[in-house]
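Please read them with the structure open.

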Amino acid sequence: MALTAFTVLFAVSIAGYLWNRRAASVLREGGARLHSLSGFHGLYSFLTAAIPAVVVVLFWLILQGPIIDWLVMSGLPAGTLDGLSKGARQLTLAEIKSIAGGRIFGTPEPWKLEAAERLNSLRQVGSVLMVIVAAALSGLLVLLARQKVSDIFRARHKVERTLSGLMIFCATVAIFVTFGIVASLLFETVRFFERVPVGEFLFGLNWEPQIPLREDQVAAEGAFGWIPVILGTIVITILALLLSIPVGLMSAIYLNEFAPKRVRAVAKPILEILAGVPTVVYGFFAILVVAPALRSFGASLGIPVSPNTAMAAGGVMGIMLIPFISSFAEDALSAVPQSLREGSLGLGSTRAEMVTKVLFPAAIPGIVGGILLAVSRAIGETMIVVMAAGLIAKLTVNPLESVTTVTVQIVTLLIGDTSFDNPKTLAAFALGMMLFLVTLVINIFAIRIVRKYREIYD
Amino acid sequence: MDLPPVLRSEKGAIETIRKGVRKRNRSQIFLQILGIGAISFAFLMLAILLLSLTSTGYKAFVQTYLTLDVYVDPAEVSEEQLPRGGFDDVIEAALLQYFPEAGEDRATRRALGGLPSNGAQFILRDKVAADPSRIGETIRISVPVSDPYDQLNKGLIDRETPEQRRRVDNREVAWFDALKEEGLIRTKLNWGLITRPDSRFPELAGLKGALIGSFWALLVCFVISFPLGIGAAIYLEEFAPKNRVSDLIEVNINNLAAVPSVVFGLLALAVFLGWFGMPRSAPLVGGMTLSLMTMPTIIIATRAALKAVPPSIREAALGVGASKHQVVFGHVLPLAFPGILTGTIIGLAQALGETAPLLLIGMNAFITSAPATPLDASTALPTQIFIWADSPERGFVSRTSAAILVLLSFLIVMNGLAIFLRNKFERKW
């Protein structure tokens, strides 16, 4: 039905466009000198009709569900909901909905069947009403717009102002998104800290979020100290950087300063392939190839290696980051002005000396910025660690042991059915908040370094 | 001049300088070798990645089928009860024709009945339900064999391993070989991989639901992020005054491009599912989440494309009396469009491979039907890969690799299209 509503309102708006344009052309043919071109009169009609109608339909779509739910629930025979908790009410509503969808289990009470029927009819009425409202509103607005066509009407100014408004709205969506992230994380984090003290979270050495579901269940009490989790994240990040920084830097130096043109033309796209591989693929690669290889290598040396080592996850993440670091380093190297190269070569240095003693120091700020961005990617990387790293938080820095990370915990705490009222799910949001803050600081810092550095030589 | 002693004679000086140059050249070669080594390492890793995926994945592109002549016994299947009926018994009976001795005890009969896939009865059921007049006839059906036999046929189960450590025992191997002798076992191209939805049985599991789910999610993502991204980019590049608000927006966009993807998942979980009450696992919500991540990419690409249009175009249009809006929408935007499209396709390709936010909104559910609308629960390609990678059945290892190959080929096509568009339409000024 939503599709029908949009089709109708766009059809009406397009008709309005044609109608107004025609009207303006007729005026023009009659010898009048119009302020705006006919097309702008048409566009004016289109925009005045389409924008309010789209907004109304979107709001209708968002609000229709909750309003119908409320109508159905309040229309139930008196007494049926007395003494039921909020959860039980929701369960009743869900049952009514599944009956309405044609999935009937057992023999429901007649009032449920009745309610389901009412739900269906309300839904139908609502959808039809929405289409009618969309058509009527856009039609009315088209009529109003038609009245405006005249020689002195400044249609172009109106259209341009509306377009500017639309573009400003688009640009502010980015702010809304950031605001949404902060608001949602903050909201749930505050609820988490109402249950678990901040100090325990920040300085606790135990992370055991599996809390008992029933009162009588014998299980861990639930401990929410994030130190072992963040330690695991740091271990894996360092392992990834130990691999990717030298390899990425060396390949950038080689490609930028030494490689023949043809080698460069082939090698760069291949490195970019490495950057385009989805992380879930790297994760599978880690469990399919790297982890077993590490294990058998460890076994041949007589070292016990756990199946989900930090090493495997960190190593594969390092491979993922090679093209990332290499491309930032290349940008930084090519931003160094040619005069520095020529000057140092002219003084008789070899190319290697030029690179290590002149280019590299000059490019260091840019390279550091790139590495910082890589750090923030490594901290926030999810799929590789979810698939290849462990689930249990251990306070260890041994890369051959299994460690867990912030992102792994977020995903495992939230996979499956989630309810928003226990510390287990709320803990994921607290971790997410921390992750967001840490990466935000690193990103802003890194972006500033990269940008400032570019300006020096511009 | 105060020279060191060696340099005071001409010969000594030349010798010293030569030595120094040799040493310096050596260190240059060393640096180059390091560079080549680094690049080769990266290439080697890429090669191992692709090789390991193709070597495990290609086997899932073929599937072992069993051809059976099944007598649809009216005693087991009656027209009134369709689509219910003892189809599994009928298939078992068809197999018993070849191995009458297996019918003696229940356990053996059971084991024999497990040779064709568990889905064989449904294939037969659909055939009979489509044409009930065939009850009582003998129907020839071709059904996938169950996973252990499939692996046996593909050589993934070593016949040399001791029986107790093998997934198929000697008796089962003998059955399979006998059927093969009869010419009833055939290896066919596995179209089911893309035409069937997910299943618990590896031999029946396919990507149809995931492909359609990914399609819906990408469509929603495109519909939202493309107009929003272009609008924001045009405003920031062409109209925005240089002030603190536009600075704030810029910092925001740059930062959004670097926010970890899992955080977007948290946002979607809390806002779209928690506050707005949208359905779990729906491609619509997945697409909305992905659009938040694709938008910064599109904005950045669009701004670069707009920047690449030379100012002379703008000045010429302004000079003949066009308004600022007419300049942008009539002249600059069309010239920048190939670049915008390229950036958009690359952004969508990234969105196609994105997994973590989809996990958080529940697109990793086990769903055995393809979604009909974007509001139905479904999986997406990357989350399907994640589910299969997590499945304990051995048959899913090659399925996972095959699914990854499908995903990678989509990415290659999309990126190839982007490169093609760039080369074909982009103008150098």
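1. Domain bounds, as used here, come from an automatic or database domain assignment. On that basis chain A is divided into domain 1, residues 2-156, and domain 2, residues 223-457. The centres of domain 1 and domain 2 of chain A, taken over C-alpha atoms, are separated by 48 Å. The model is a predicted one, and the values below should be read as computed from it.

2. The secondary structure of chain B amounts to 16 helices and three strands. Why is chain B described as more spread out than a compact globule? Its radius of gyration is 32 Å, whereas the globule rule gives 22 Å for 429 residues; the value is well over the rule, so chain B is more spread out than a compact globule. The C-alpha trace of chain B spans about 105 × 75 × 40 Å along its principal axes.

3. Of the 429 residues in chain B, 43% are buried. Among contacts in chain B with a separation of 6 or more, 74% are between residues 24 or more positions apart.

4. The three strands of chain B form an open sheet, ordered β2-β1-β3, with antiparallel pairing. β2 (138-144) and β3 (185-189) of chain B are the edge strands, each pairing on one side only. On average, neighbouring strands of this sheet are turned by 35 degrees against each other, direction ignored.

5. Seven bridges join strand β1 (residues 62-71) of chain B to β2(B), in the antiparallel sense. B:D69 stands opposite B:R140, which lies in β2(B). Helix α4 (residues 120-130) of chain B packs on the sheet and touches β1 and β2 of chain B. The direction of α4 makes about 140 degrees with that of β2(B).

6. The contact between the chains takes 72 residues from chain A and 65 residues from chain B. Which elements of chain B give two or more residues to the side that touches chain A? They are α1 (10-57), α8 (208-239), α9 (244-256), α10 (261-275), α13 (324-353), α14 (356-360), α15 (381-390) and α16 (395-425) of chain B. α1(B) provides the largest share of that side, 20 residues.

7. As for composition, the side of chain B that touches chain A has 43 nonpolar residues, 21 polar residues and one charged residue. The counts in these two points are of residues in contact; the size of an interface is often given instead as the accessible area lost when the parts come together.

Definitions and conventions. Residues are numbered from 1 along each chain as its sequence is written. Chains are lettered from A and ligands numbered from 1 in the order in which they are written. This is a predicted model: local features need pLDDT of at least 70, side-chain atom pairs count only at pLDDT 80 or more; totals for chains, interfaces and linings use all residues. Two residues are in contact if their C-beta atoms, placed from the backbone, lie within 7 Å. Helices (H or I, at least four residues) and strands (E, at least two) are DSSP runs, numbered from the N terminus. Ala, Val, Leu, Ile, Met, Phe, Trp, Tyr, Cys and Pro count as nonpolar, Asp, Glu, Lys and Arg as charged, and the others, Gly among them, as polar. The radius of gyration is taken over C-alpha atoms; the globule rule is 2.2 Å times the number of residues to the power 0.38. A residue is buried if 20 or more other C-beta atoms lie within 10 Å of its own, exposed if 12 or fewer, and partly exposed in between; C-beta atoms are placed from the backbone. Two strands pair if DSSP finds at least two bridges between them. Axes are lines fitted to C-alpha atoms, for helices over the stretch in contact, and angles run from 0 to 180 degrees between N-to-C directions.
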